[in-house]
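User: Walk me through reading a few features here, please. Start with the surface.

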Amino acid sequence: MGLLAANKGKPMEAIVEQVRDGSTIRVYLLPEFQFVQVFVAGLQAPSMGRRSTQETVVETDVTSAPNGDASAEPRGPLTSAQRLAASAVSSVEVSSDPFAMEAKYFTELRVLNRDVRIVLEGVDKFNNLIGSVYYSVGETVKDLGLELVENGLAKYVEWSANMMEEEAKKKLKAAELQCKKNRVKMWANYVPPASNSKAIHDQNFTGKVVEVVSGDCLVVADDSVPFGSPMAERRVCLSSIRSPKIGNPRREEKPAPYAREAKEFLRQRLIGKQVTVQMEYQRKINPADGVASDSRVMDFGSVFLPSPTKGDDTAEAATPGVNIAELIIARGLGTVVRHRDFEERSNHYEALLASEARAIAGKKGIQSAKDSPAMHITDLTVASAKKAKDFLPSLHRSRRISAVVEYVLSGHRFKLYIPKETCSIAFAFSGVRCPGRGEPYSEEAIALMRRKIMQRDVEIEVETVDRTGTFLGSMWEARTNAATFLLEAGLAKMQTGFGADRIPEAHLLEIAERSAKHQKLKIWENYVEGEEVVNSGSKVETRHKETLKVVVTEVLGGGRFYVQTVGDQKVDSIQNQLASLSLKDAPIVGSFNPKKGDIVLAQFSLDNSWNRAMIVNAPRGAVQSPEDKLEVFYIDYGNQETVSYSAIRPVEPSVSSAPGLAQLCRLAYVKVPSLEEDFGPEAGEYLHTVTLGSGKEFKAVVEERDTSGGKVKGQGTGTELAVTLIALDDEISVNAAMLQEGIARMEKRKRWEHKDKQAALDALEKYQEEARKSRTGIWQYGDIQSDDEDNVPVRKPGRG
């Protein structure tokens, strides 16, 4: 249209001749007095409807032109079909929308028969003019469209607003959102759509970046949480942005274009750096979103890297630093999420949109038409051990190799990426070992190495490769041998079977280990100086028994029970988390269907307290009634009961992910009758009285560890510790006391037992002899026959 092409974006003087509805006016454009109809840009007022008419259709051979001039070509008479159509249309009455008359009056009151300025923005698909309308009140210029929206008399229209300048568009959108919140006029009955996000208030913190998960997700260690606590590391997703998905090699998902570049950009900028985190909102991810099989909650916030201080300027002091999300967007390594109304978003959303506009204008990263650089990485961690051995010579050629720690698999074992060889390998320290998974201090060792070397640039020297395809060698981070971190903290020990002459800087590792022993740190807490003996020229360490300070939380039959460690930071952390939860009403039937193995919150029947529990048995299919029964196992206490569906609640992953605090134990070196056997109930009652009933704290000396129970699936399953249980104020152990009472007997001796066990059995035997001589308990009828499992085959005499 010529009028638009000549005057787009320019203010044009006009006089309003007619107001059709709140957002449609007819004006004379000055000075030519050209008569046009203009729709106000970015909005739509309620419709005035259409009135029915019974007037006769008048035939005429003259039509009026847009400017009121007669057309040079007369229009012919209407046909019968045209008459019928015109009659049908005119006979239909459409009532006006609510607030339509008020919106029209609002516009008439301000602009009808007055001078206005029109700024044409564009045309719609029917070539109708779209423009912004401004009028004056004294010396003040006002925007008619913005006033209509602010007064709840028009709604924001996205396609029309896209023709306007960005600032004007934002004002309209913000005005409509405010009217919806305040329920103004046409929004009086507005109901916000259901949202899966909610705001987070007053949860800002500072910490050190431990891991970059992807271009829009970080793991930050909170400075205010004690080291080693399950809540120390917090996963933070960057608010209102989305980076390309990094993929999952286990599911054969390849990284999206620019996903590696986004992750590497954040790794180089943030790993090991102190940042400020402003938490902003949470979002619940449901199975319908296709993200996971179970619903989970993701925390979103803005992360700021403090800028170098240049002075005491108050404006600079108020700024937390550089917004990492803006850096990602400005480099074309992510996009800004377009949120729906009332959906929580970043507090710096406008700055993110501005950064995205600059990236689009500069055609950077994913905003360009270029493909990301192709990269093929050989992952030797999932390849065969033979392939890893074939790769060994190439790693031997260079003495020290630069690498990046991709993941901490255990305290001494890692996944490394070697840029020079474009491969990933499994790597472990030579001659240094940490406690295995599930053993004491294993989690602390992993947490320490995550803080020290996770995703850091390191140097390695590879010595050899083991039969599983793991490369063995030494590692340096910032010229410091990484194994010393573990040895100095008492979280690892040197292996004497690995030749010290093959380990670079072995003397430094020995000094670090001796320091931990001297201070009795962690695994060396029971270490006694001088308990090392020489055998065949090599040092052999005596076994150091782990000792725990515990309280008994549940007693089972057969000398088995559950304990909880006293003074463990994990216990306090879990209890604080449970205390801070605000439990809602019972879930609606069908909205939450726990299945076997799920961790939930369950209300204990005796004291109505809420505790973490594992579903042991659940109804088949979906829950049908609030009274449906589910069997639960309280993972922090060891007891098990059946509760109704109304007494359970879903639990957030941050609470459910921590391992259970209850540890299954049995009395070491003694056999206690089960509840079904003679004296079994008496033994169970005695054990309950002296442990759980007494309220005492105990010292549990771990004699053996039985992992044959597998994973915890309910009461009586999982790893079992054989312990000597001693009350802090008693002289003899519970094991010895039950032998003395005649409600337990000793295990069968074996000639090949370790000398420590032989000494323990010798000490217990006198208590059993005392009960046997006095015919107490199970000895009341004399000696009892040994169990079948204690019988040994009779040796046959040799021939000849």
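**Surface, then strands**

Analyst: The protein chain has an accessible surface of about 44400 Å² (Shrake-Rupley, 1.4 Å probe), with 49% of that belonging to carbon and sulfur atoms. Keep in mind that this is a predicted model, where local features need pLDDT of at least 70, side-chain atom pairs count only at pLDDT 80 or more, and totals for chains, interfaces and linings use all residues. Residues are numbered from 1 along each chain as its sequence is written, and side-chain values use heavy atoms, leaving out hydrogens and water.

User: How much of the chain is buried?

Analyst: Buried residues (under 20% relative accessible area, 1.4 Å probe, protein chains only) account for 41% of the 800 residues.

User: And how many helices and strands are there?

Analyst: The protein chain has 19 helices and 40 strands, taken as DSSP runs (H or I, at least four residues; E, at least two).

User: Which strands does β32 pair with?

Analyst: Pairing takes at least two DSSP bridges. β32 is antiparallel to β31 (residues 599–603), over five bridges, and to β33 (residues 629–634), over four. Ala-613 of β32 sits opposite Val-600 and also opposite Tyr-634 in β33.

User: What does Asn-608 do in the hairpin of β31 and β32?

Analyst: Six residues lie between those strands, and Asn-608 takes a positive phi near 60 degrees in that hairpin.

Methods: Buried < 20%, exposed > 50% of the residue type's maximum accessible area, 1.4 Å probe, protein only.
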